[in-house]
Amino acid sequence: MQFGLFSVSDITQDPTTGVTPSEAERIQATLTIAKHAEEVGLDVFAIGEHHNPPFWSSSPTTTLAYIAAQTERLIVSTATTLITTNDPVKIAEDFAVLQHVSGGRADLMLGRGNTGPVYPWFGKDIRQGLPLAIENYALLHKLWREDIVDWDGKFRTPVQGFTSTPRPLDGVPPFVWHGSIRTPEIAEQAAYYGDGFFANNIFWPAEHYQRLIELYRQRWAHYGHGDPETAIVGLGGQAFMRKNSQDAINEFRPYFDNAPVYGHGPSMEDFTKMTPLTVGSPQQVIDRYAGMRDLFGDYQRQLFLMDHSGLPLKTVLEQIDILGGEVVPVLRKELAKNRPATVPDAPTHAGLVKTAYGDGPVRQPRPNANRGDNVTGGSPYQDTPTPQGAAFGLGGAR
């Protein structure tokens, strides 16, 4: 299994001091948090995408490329990339570059987002959210797998004779997770393509996510990817810990009560009963998350939200120390016990390359000469012919 952190990049006032960090301070704090995740032995750092205050992460791939350059082992990912309002052509290019500069330590989670106004800001209609997610991913999936793409859809101008560059590292696209809080159609989409499904179960009761994950597993099998237990599942989580559980409760309560997301709603006690949020001792967190597979089956990725609600950087780093030093090592052992051999490991670039090529040579595309317009010349790459009927190279054929 993989364990890691995800951040939504909120810039929130600390209710105990009244201080709100600046954007510059919060950005630097997030970079420190990501690097510390690797230092304590975590596997993944993921960041969200937002285009409005009080969030700062409007360009995740820029941030993740910097983090990848500052780390050696950490997988960088998103939570989430907006498949509805981003151009799938730009997603294809940006994440292929990130894949290369990180040496394969990059994947992504796609989602529709939870900020309604973002749709018109990017020229989209929120009423078309699901059709946008379905069509845009169909194009993205194609762009990473075909050197020359001709495409005509409903929501963007046609693509003719287009080659997304660079091609995916080693000819293997980044692994894709489809993230969802509530939408069964997204679980269906993940299953159809044989991609991962990330149930961000931090807000709603477990029963809701049990239904979503079970749907995904059954549809995974329906589409011929393997038995239900071979499906690739990720979960969200939240925790705040101190050696003494009452100290954790007392310290975290003002942050919970004033949090923009869930403050001024259910009590912290009620919220922790309904959701994975666990406020207490490290052992309480271990017990809670070791039980997740009893609810959802064996799964591959567990991400924790730790840097939110105005918690100061010092406190967040202390929480990461506890998570990496006391909690995750035990969870790795507990969740490995009696894990069936048929349950796949968490996806990595090396594993995907092995699946694609075995022990054979991997693809290293070398471009042919081209004027740069995808109209003159033949195939874009030396190792592949131009597909019959493709728009690529039509100018050279006249």
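Predicted model: local features only at pLDDT ≥ 70, side-chain atom pairs only at ≥ 80, totals over all residues.
On the face of helix 2 that is turned away from its buried side, the exposed residues are Thr-62 and Ala-69.

**Helix 2 and its surroundings**

- Within helix 2, which spans residues 60–70, the buried residues are Pro-60, Thr-61, Thr-63, Leu-64, Ile-67 and Ala-68. Because these buried residues fall within an arc of 155 degrees when seen down the axis of helix 2, they line one face of the helix.
- An α-helix has 3.6 residues a turn, so residues three or four places apart point the same way.
- The buried residues of helix 2 are covered by elements that include helix 1 (23–39), strand 2 (44–47), strand 3 (75–78) and helix 3 (88–101).

**Helix 3 against helix 5**

- The axes of helix 3 and helix 5, the latter formed by residues 129–145, come within 9 Å and cross at roughly 45 degrees; the two helices are therefore oblique to each other, and their crossing is right-handed.
- On the helix 3 side the contact involves Pro-88, Val-89, Ile-91, Ala-92, Phe-95 and Ala-96, which meet Asn-136, Leu-139, Leu-140, Leu-143 and Trp-144 of helix 5. Sorted by class, this contact has 10 nonpolar residues, 1 polar residue and no charged residues.

**Two buried residues**

- Trp-177, in strand 8 (residues 176–180), has a relative accessible area of 0% and is therefore buried. Its C-alpha atom is separated by 9.6 Å from that of Ala-199, a residue 22 places away along the chain.
- Gln-189, in helix 6 (residues 184–193), is likewise buried, with a relative accessible area of 8%. Leaving aside neighbours within four places in sequence, Gln-189 is in contact with Ala-133, Ile-134, Tyr-137 and His-178.

**Backbone features**

- Most residues other than glycine have a negative phi, and most peptide bonds are trans.
- Pro-53 and Pro-54 are joined by a cis peptide bond with omega about 5 degrees, and Pro-54 has its place in the loop between strand 2 and helix 2.
- A cis peptide bond also joins Thr-165 and Pro-166, with omega about -5 degrees; Pro-166 lies in the loop between strand 7 (159–162) and strand 8.
- Asp-170, found in the loop between strand 7 and strand 8, has a positive phi of about 60 degrees although it is not a glycine, and it is buried, with a relative accessible area of 15%.
- Asn-338 also has a positive phi, near 60 degrees, and lies in the loop between helix 12 (313–336) and helix 13 (349–357), where it is exposed, with a relative accessible area of 76%.

Note on methods. Residues numbered from 1 in each chain as written. Heavy atoms only, no water. Buried < 20%, exposed > 50% of the residue type's maximum accessible area, 1.4 Å probe, protein only. Helix = DSSP H or I, 4+ residues; strand = E, 2+ residues; numbered from the N terminus. Arc of directions from axis to C-beta. Contact = heavy atoms within 4.5 Å. Axes fitted to C-alpha atoms, helices over the stretch in contact; angles between N-to-C directions. Parallel < 35°, antiparallel > 145°, perpendicular 65-115°, else oblique. Left-handed = near helix turned anticlockwise from the far one by under 90°. Nonpolar A, V, L, I, M, F, W, Y, C, P; charged D, E, K, R; others polar.
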